[in-house]
Amino acid sequence: MRQGWRWYGPGRDDVSLDDVRQAGATDVVTSLHDVPIGEAWTEAAVAARKRLIEQVEPGRAPLRWSVVESIPIPDVVKRTGGAATREIAAWIASLEALAANDVRVVCYNFMPVVDWTRTDLDHVMPSGATALRFDQERFAAFDLHILAREGAEADYSPAERERARATFDAMSEAERDALVETIASALPGSTTDPLSIPAFRERLRSYRGIDAARLRRHLVEFLQAVTPAAEAAGIRLTLHPDDPPRSLFGLPRIASTEADYAALFEAVPSAANGMCFCTGSLGVRPDNDLPAIARRFGDRIHFVHLRATKREPDGRSFHEASHLEGDVDMVAVLHELVAIERRRTGGDPIVFRPDHGHRMLDDLAKTGGNPGYTAIGRLKGLAELRGILHAIGAPPQ
Ligand code: DNO
């Protein structure tokens, strides 16, 4: 396997490319985050970013830009599927610009309205480090009392509603604003627009009548349109799982389970239709058996996110534990991934990246930065994962 590292690009990341080298990574995972959602990437813009990453002074370890995370999928594609011809054409043009520059793995997601969602960006762990967390009560407080979503009550039991009320009442104005910022304003790397509360309500309204079957149909139409171009360009597309892997705000989500992925691979068998195997997202559901999913979809896995979420006693909340300490059996997962790689012709390596790290040590003194994407927390995660790979006789390539 090859060691990847997500980097947000110039001016958007407090972690430098030398930091990436010192962590031991060889492959950069990035996107043209400055291009507005829905606009086609140009060959020149991709080439410039590639040069920035790959051209280094003599003596420095080389890095390569091997994975794009993500080319965002505009909302209109999720709402209307194949009818969004202009946006789909732009997406294909971006693929072609990447292929022209030999960048051939592309990650994307198909979550409506919100991309990855957390309620706490600095949840204090027993060590004093901080972690990302999804607290169901704070989420419900937002949904019921800040967003005040129509029909939201039906999604919560009376006891949950009561706890959400108490949570909301106990929050200061500043805490409420911070929660809005965390949930509605889009976390770094998000592929959805930051939304004000009124815009959020409006966006939700625009999904009326779109259930899981219809959203899946739209994704299938999208894939039917883009996979021929991806195949021609030698690009593998990797669908990131929903995070968390269940419905939020009454919206359908269709990449949360083994059955979801099976349905998509059956509907669009193209070899370009692949998966980003994200252990942290999938691992939030106890019914997702991660080694079994990896075994079943091995041929489809072209990019991997490794992190371990820890489910909390209420069964809905979770936080991001250290990479080897959550609910994910990382050793079993890496065994499967290495076996998949070895079966591949030419041993075509799979890029993984240590996903989300704690804020710890010197990172605690820094302000700003991208939540979850600290230098030291991820460096620790990567070092632990690299240790497993060495121990199982498959040192990173
Ligand atoms: C969060 C990431 C997501 C992911 C997208 C994929 O840390 O896993 O932002 O990149 O959902 O399109």
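Modeller: Three bridges join β5 to strand β6, residues 130–134, and the two run antiparallel. Please keep in mind that this is a predicted model.

Colleague: Which residue stands opposite A131 in β6?

Modeller: That is H123.

Colleague: And what is the strand order of the open sheet?

Modeller: The open sheet has four strands in the order β5-β6-β11-β10, with antiparallel pairing. Its edge strands are β5 (120–124) and β10 (309–311), each of which pairs on one side only.

Colleague: Let us change topic. At what angle do helix α13 and helix α14 pack?

Modeller: Helix α13 (residues 330–343) packs against helix α14 (residues 375–391) at an angle of about 60°, and their axes are 10 Å apart. That angle makes α13 oblique to α14.

Colleague: Is the crossing of α13 and α14 left-handed or right-handed?

Modeller: The crossing of these two helices is right-handed.

Colleague: Which residues in α13 and α14 meet?

Modeller: From α13, the residues are M330, V331, L334 and V338; they meet L385, I388 and L389 in α14.

Colleague: How does the contact of α13 with α14 divide by class?

Modeller: The contact has seven nonpolar residues, with no polar and no charged ones.

Note on methods:
Residues numbered from 1 in each chain as written. Predicted model: local features only at pLDDT ≥ 70, side-chain atom pairs only at ≥ 80, totals over all residues. Heavy atoms only, no water. Axes fitted to C-alpha atoms, helices over the stretch in contact; angles between N-to-C directions. Parallel < 35°, antiparallel > 145°, perpendicular 65-115°, else oblique. Left-handed = near helix turned anticlockwise from the far one by under 90°. Contact = heavy atoms within 4.5 Å. Nonpolar A, V, L, I, M, F, W, Y, C, P; charged D, E, K, R; others polar. Pairing = 2+ DSSP bridges.
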